[in-house]
Amino acid sequence: MTNLLIFPLIIPLITAALMLVFWRWRFAQHLLSIIGALGILASAIILLFTVYHHGIQVLQIGTWPAPFGLTMVADLFSSIMLVMTGLMGLAVIIYSLASIDPQRRKYGYYPLINILLMGVSGAFLTGDIFNLYVWFEVMLIASFVLLALGGEQKQILGAIKYVTLNLLSSALFLAGVGLLYATIGTLNMADLAVKIQMVEQIHFINALSMLFLVAFGIKAAMFPLFFWLPASYHTPPVPVSAIFAALLTKVGVYALIRVFTLIFIQETTFTHTIILILAGFTMVTGVLGAVAQIDFRRLLSFHIISQIGYLLMGLGLMTVQGLAGSVIFMIHVILSKSALFLISGISNRLYGTFDLKKLGGLYQSFPILALLFMVPALSLAGIPPLSGFFAKFALITAGLALEQYYIVGTALTVSILTLYSMMKIWNEAFWKPLPKPTIQLNQDEGLSILRRNSLLIAPIAILALLIVILGIFAEPIYTLALEAAKQLFDTSGYIQAVLGDSS
Amino acid sequence: MEIILAILVGILYAAGLYMVMRRSIIKLIIGLVLLGHAANLLIFLSGGLIRAIPPIVPEGEIVPPIPVADPLPQAMILTAIVIGFGVVAFTVVLIHRTYQTIGSDDIDLVGETEQ
């Protein structure tokens, strides 16, 4: 009923197409990518306002009525995710302007980023489960190429693992879609939600839901399916790592939240209990892996996994408060994680290494960088008044309300370990004096690197500012997340918006 | 007929998983291709195997005369095959680059050279 939904998809597509026309013009590529990212962000923010004031927005592509045609749906949760996509796209593209080498740019780095953003936006907007598969593939193919682009040895070896596991997950997802269609005879998610209630073989539906859990679980890097992530995320250039860390696993979590709040809700004592248990294990293994690492980016990669556990915890609790916790945690973790990855890139730029043992003295030489690190790091650990505190607070109150003390205890313990591992980075990279064997960098020289590359600092500063703002204005953000969670929990609004009043 | 195809899907899955777990990278790709085929056949089966006419609505009517074949699984498979083709093409180039990098077909070396 509104064409607003098409803009987050068509803007990156047009941007990428135009870039292919201006293949060799560096300036045009840079300008277009900034305009494109601003376009996604602007259209996403307009969409969020529209959804907030006028309810769930639906677009029937080609005006075919709902269960027959292709449906695009934007509820509050997907609009929030789209805003985050636009924001991350903008931050990472600004950072890329100063940090991507000419070689990668010449082989299509910027068009690929735009295709990736299109795939991610499509996955957030689609209301059709097979179409979700297609958007996953758009996103995956762009990410495969981005991961391998440049062809360094470690990149190729990381890409092998990433590609294999993701293809395996796609094959499982496809099989799940096939079986779902065989059982219910529709692919529209709202229609599925209605018709799945009539299926009598509840155990078959449960088995099917587990197939989806595994398929999306691989993409979301859930325990015990996360091994591809720490093996590949530290290999590509920093902006690529950052956008992967910010968005790709979150698309997996989004898909899990979507199907397990809309479609597979018959026997939540079975399905959601499994999700809750896996969430706990995901938190613990992720953070334990992180504590053991000495590579800046590998440590952060393990942290992604641990945070996925928190996101799944809200889903596993399956209450409005729990889902609201997941939504607000999603906003928080996307901001903090990408900021930390971008900072690891700056320290690498200054000292030429990601090895925490060889880094040091960053606090003494570059206090501003240290401040910018502290904000997302403390936020990730959940120190008030930053965004992470309120996100964790929401999840933990939701857990306590249900008397799920095991998961609450796990979440709190993992928080402390998160703080410990962030302090480890702080001690190694920022606090201790620079070890002798590293090439001693002149402080003025370093400052001039930073000054010349204000494009590297600017996106981190914006993200850090947003983290602080999110902490200060936690109340309105939580209200928004609560509204989004209500829409997720009470599926009738979604179903009615898609199928019309007839159902 | 459906039973035979169902067994075939099972065999394809088993063969695919077996190949994915071999040490050779070439066999890893073959395994992924087989898994993709298994999923496609599974979708094909999901529409049901019936002898029926194409679902075209005759002029002046609203619904086609039954029985009609379900066109949707075929449309889905077509999409999945095209996507699978592109992905496999990329993967073949990737393993070629891997071979150039580590000079071997052995997946175990991929892990060893990680650090």
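This is a predicted model: local features need pLDDT of at least 70, side-chain atom pairs count only at pLDDT 80 or more; totals for chains, interfaces and linings use all residues.
**View 1. Chain A as a whole.**
Chain A holds 22 helices and two strands. Its radius of gyration is 22 Å, close to the 23 Å that the globule rule gives for 503 residues, so chain A is as compact as a globular protein of that length. Along the principal axes, the C-alpha trace of chain A spans about 70 × 55 × 40 Å. Of the 503 residues in chain A, 62% are buried. Take the contacts in chain A between residues at least 6 apart in sequence: 80% of them join residues at least 24 apart.

**View 2. Chain B as a whole.**
Chain B has four helices and zero strands. Along the sequence the pattern reads α-α-α-α. The radius of gyration of chain B is 20 Å, well over the 13 Å that the globule rule gives for 115 residues, so this chain is more spread out than a compact globule. A box of roughly 70 × 30 × 15 Å, taken along the principal axes, holds the C-alpha atoms of chain B. Buried residues account for 27% of the 115 residues in chain B. For contacts in chain B between residues at least 6 apart in sequence, the share that joins residues at least 24 apart is 54%.

**View 3. Where chain B meets chain A.**
Contacts link 24 residues of chain B with 24 residues of chain A. On the chain B side, the elements that give two or more residues are helix H2 (25-46) and helix H3 (72-102) of chain B. H3(B) provides the largest share of that side, 13 residues. What is the make-up of the side of chain B that touches chain A, in nonpolar, polar and charged residues? That side divides into 14 nonpolar, eight polar and two charged residues.

**View 4. The largest nonpolar core.**
This core has 228 residues. Ile80(A), Leu116(A), Ala123(A), Leu312(A), Val327(A) and Ile328(A) touch the most other members. Helix H7 (residues 153-184) of chain A gives the largest share of the core, 18 residues. Beyond four places in sequence, Ile328(A) touches Phe390(A), Ala391(A), Ala394(A), Ile477(A), Tyr478(A) and Ala481(A).

**View 5. Helix H13 of chain A.**
Helix H13 (residues 296-317) of chain A has 22 residues. At 1.5 Å a residue, H13(A) should span 32 Å; the C-alpha atoms at its ends are 33 Å apart, which agrees. Is H13(A) enclosed or open? In H13(A), 22 of the 22 residues are buried, so this helix is largely enclosed by the rest of the structure. Just after H13(A) comes Met318(A), with a positive phi of about 55°.

**View 6. Helix H16 of chain A and its cover.**
Helix H16 (residues 367-381) of chain A has 15 residues, which should span 21 Å at 1.5 Å a residue; its end C-alpha atoms are 21 Å apart, in agreement. Buried residues of H16(A) include Leu369(A), Leu372(A), Phe373(A), Val375(A) and Pro376(A). Ala377(A), Leu378(A), Ser379(A), Leu380(A) and Ala381(A) in H16(A) are buried too. The cover over the buried residues of H16(A) includes H13, helix H14 (320-351) and helix H15 (362-365) of chain A. Also included are helix H17 (387-401), helix H18 (405-431) and helix H20 (454-472) of chain A. Gly382(A) follows H16(A) and has a positive phi, near 90°.

**View 7. The strand pair of chain A.**
Strand E1 (residues 57-61) of chain A is joined to E2(A) by five bridges, and the two run antiparallel. Leu59(A) stands opposite Met72(A) in E2(A). Strand E2 (residues 70-74) of chain A is mostly covered, with four of its five residues buried.

Pro8(A) lies in helix H1 (residues 7-21) of chain A. Pro8(A) counts as buried because it has 31 C-beta neighbours inside 10 Å. Leaving aside neighbours within four places in sequence, Pro8(A) contacts Ile40(A), Ser43(A), Ala44(A), Leu82(A), Ser121(A) and Leu125(A). From Pro8(A) to Gln364(A) the C-alpha separation is 43 Å, across 356 residues of sequence. Ile45(A) belongs to helix H2 (residues 26-54) of chain A. With 15 C-beta neighbours inside 10 Å, Ile45(A) counts as partly exposed. The C-alpha atoms of Ile45(A) and Leu372(A) are 26 Å apart, and the two residues are 327 residues apart along the chain.

Definitions and conventions
Residues are numbered from 1 along each chain as its sequence is written. Chains are lettered from A and ligands numbered from 1 in the order in which they are written. Two residues are in contact if their C-beta atoms, placed from the backbone, lie within 7 Å. Ala, Val, Leu, Ile, Met, Phe, Trp, Tyr, Cys and Pro count as nonpolar, Asp, Glu, Lys and Arg as charged, and the others, Gly among them, as polar. The expected span of a helix is 1.5 Å times one less than its number of residues. A residue is buried if 20 or more other C-beta atoms lie within 10 Å of its own, exposed if 12 or fewer, and partly exposed in between; C-beta atoms are placed from the backbone. The radius of gyration is taken over C-alpha atoms; the globule rule is 2.2 Å times the number of residues to the power 0.38. A nonpolar core is a set of buried Ala, Val, Leu, Ile, Met, Phe, Trp, Tyr and Cys residues joined through C-beta atoms within 7 Å. Two strands pair if DSSP finds at least two bridges between them.
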